Amino acid sequence: MNTTWTLTRIFFAMTAVATVADVILHQKFLEGLLEMEIFPVKENRDENLGDAPVSSATEYPKLPVQPLQFINNSDLIQHDYFSDSWLLSRERFLEMDTKRIGIVEDGVFAAVGIRPYDHCKMLSDWMAFSVEHMSHWWKLLNALSGDPGNVRQHIQSRFHQFVESVGTAMDREPPTALRQTIAMIAFYPYKAGSDDQFGTKSVGFTASSLAATIASLYRAGYGRVVIVGIRDDDMKHVLAACKILTSVLNGKRSTVGKSSRDSLLARLGKSNMEVAYVHVTDKSWIKTKWVGYNVPRAAIVGMQLALTGKMNQTDTDAWLGKDHDSSYWKYLYLTEPDTILQTKNELLPLFQQALDNGLSLFPHRLQPFPHEADLPADHTVRPGTVLPNVGHFAKITELDTSNGDSCCDGGAEWPGVKDFDSCGNWWYRCGYRHDIGLSSSSLNETYIMDAFKRLVPYPLMRLKDGTGFVFGSTEQGRRCFPSKNGCGGQ
């Protein structure tokens, strides 16, 4: 067994329980072990991965000079690649060793490798390939359990507005470059507090987030979405999302058979994108010695079996659909139901070329910051739990990717992380203290700048073509800088 991978799992298993997960800590943890020579470092990258699948298992043509501008792999740490999402060619996807997927995060790290494979790439322009990751943000606002001042309804309305914005483009055919892509959504509904759990609030909120996620995949031109769930009542959340989508995206809802939950639920828009749900019950796909349930692993295991012809025809149809045979599907995308995709459609043919040449693409995970400017006027959120819309933090740049706006990677810097001691929580949460209880008289800029000093180095932005919520970094603490002129030629 590879010692590095085992220690990685131990670290994430501990932090998942203790919630003391400064993302750079894991990197420093591994680097410290390397320095102490607790495990050997070998010259050959693939040898150092022990029994992990090597990246050269499939023969690929020599890579031409890529027109896409990628960040140098040497400027990235392993955690920069993590967004719970990736876009892989069929060949790269089938190379993934599912035995390596012990915890949820391994759904990405098994594709990246402990020492990231050379074929794993991230784009210099964050707007070319990124995801807005929402659940950590709304948890900071206590939107589902406490819901101070209609915040939950406000967030849901913004998700609906995003779906409607995609719907306004229905007169245009979505891009076709990635039509042969199946997107897998590792699904688990969001709890709405002890009084509701997975009831009415949970269904409404989860469905809105899931609908926005699926709409972003439609906008990118993917051909099929498979929502993979493990709970007996997941379908009520999924059907609620389909109802939102079909009412806006002009799709036709098909009948769901009472005898099976593994059904085609909708076809959306001009591209006729399929939306299906698969209910996984095989415990060997779901449970590992590290966690009780691992939905990304179930999605990856099931899709690999379907693509390699190791399922009966009924189950294969549930995963791949009936319109095409297995060989039609050339690309796989993994994501979660709170993760809204941002791309530049004009670059998607270049994505296709990169994937066909053996590269694997990993989006930037944009981290929204709870900000006063994003709250409804009648909110009752306590001061100190959001960034006040004053002074330095009132400067917010709107990025319009339809007009070519970019956000250019700031390099191998994580200023909100590396320059500060850990506060016992995610680095970006350190200024958000629910026990500060600031009065309005305390909201002077000097105090605010000190309380949120970790966020000061980050330009604040919002996406005109996204949710519109304020963000400033990746979850891992990288930053980008807005640009009207691209990123060095891209």
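Let's start inside this predicted model, at Cys-407, which is buried, with a relative accessible area of 0%. Its partner is Cys-480: a disulfide joins the two, with 2.0 Å from S to S. If disulfides are new to you, each one is a covalent bond between the sulfur atoms of two cysteines. This pair links distant parts of the chain, since Cys-407 belongs to strand β14 (residues 406-409) and Cys-480 to strand β17 (residues 480-483), 73 residues apart. Cys-480 also counts as buried, at 0% relative accessibility. The torsion about their S-S bond is about 90°, so this disulfide is right-handed.

Now look at Cys-408, which forms a disulfide with Cys-487, the sulfur atoms being 2.1 Å apart. Cys-408 lies in strand β14 and Cys-487 in the segment after β17, so this bond ties together parts that are 79 residues apart in sequence. Here the angle about the S-S bond is -90°, and the link is left-handed. Cys-408 is buried at 15% relative accessible area, and Cys-487 is buried at 5%.

How many disulfides are there? The count comes to three, and Cys-423 with Cys-430 forms one of them, with sulfur atoms 2.0 Å apart. That link is left-handed, with -80° about the S-S bond. Is Cys-430 buried, or is it exposed? Cys-430 is buried, with a relative accessible area of 14%, while Cys-423 counts as partly exposed at 38%. Counting bonded cysteines along the chain, the disulfides follow the pattern 1-5, 2-6, 3-4.

Next, find helix α7, which covers residues 151-167. Its 17 residues reach 24 Å from the first C-alpha to the last, close to the 24 Å expected at 1.5 Å a residue. Among its buried residues are His-154, Ile-155, Arg-158, Phe-159, Phe-162 and Val-163. What do the buried residues of α7 pack against? They pack against α6 (135-140), α8 (200-219), α9 (234-248) and β10 (339-343).

The charged end of Arg-158 sits over the ring of Phe-469, 4.2 Å from its centre. As for ring pairs, the whole structure has 18 of these aromatic pairs. Elsewhere, ring pairs link Phe-369, Trp-426, Trp-427, Tyr-428 and Tyr-458 into a cluster.

Conventions
Residues numbered from 1 in each chain as written. Predicted model: local features only at pLDDT ≥ 70, side-chain atom pairs only at ≥ 80, totals over all residues. Heavy atoms only, no water. Helix = DSSP H or I, 4+ residues; strand = E, 2+ residues; numbered from the N terminus. Expected span 1.5 Å × (residues − 1). Buried < 20%, exposed > 50% of the residue type's maximum accessible area, 1.4 Å probe, protein only. Contact = heavy atoms within 4.5 Å. Phe/Tyr/Trp six-rings, centres within 6.5 Å; stacked < 30°, edge-to-face > 60°. Lys NZ or Arg CZ within 6 Å of the ring centre and 35° of its normal. Disulfide = S-S within 2.5 Å.
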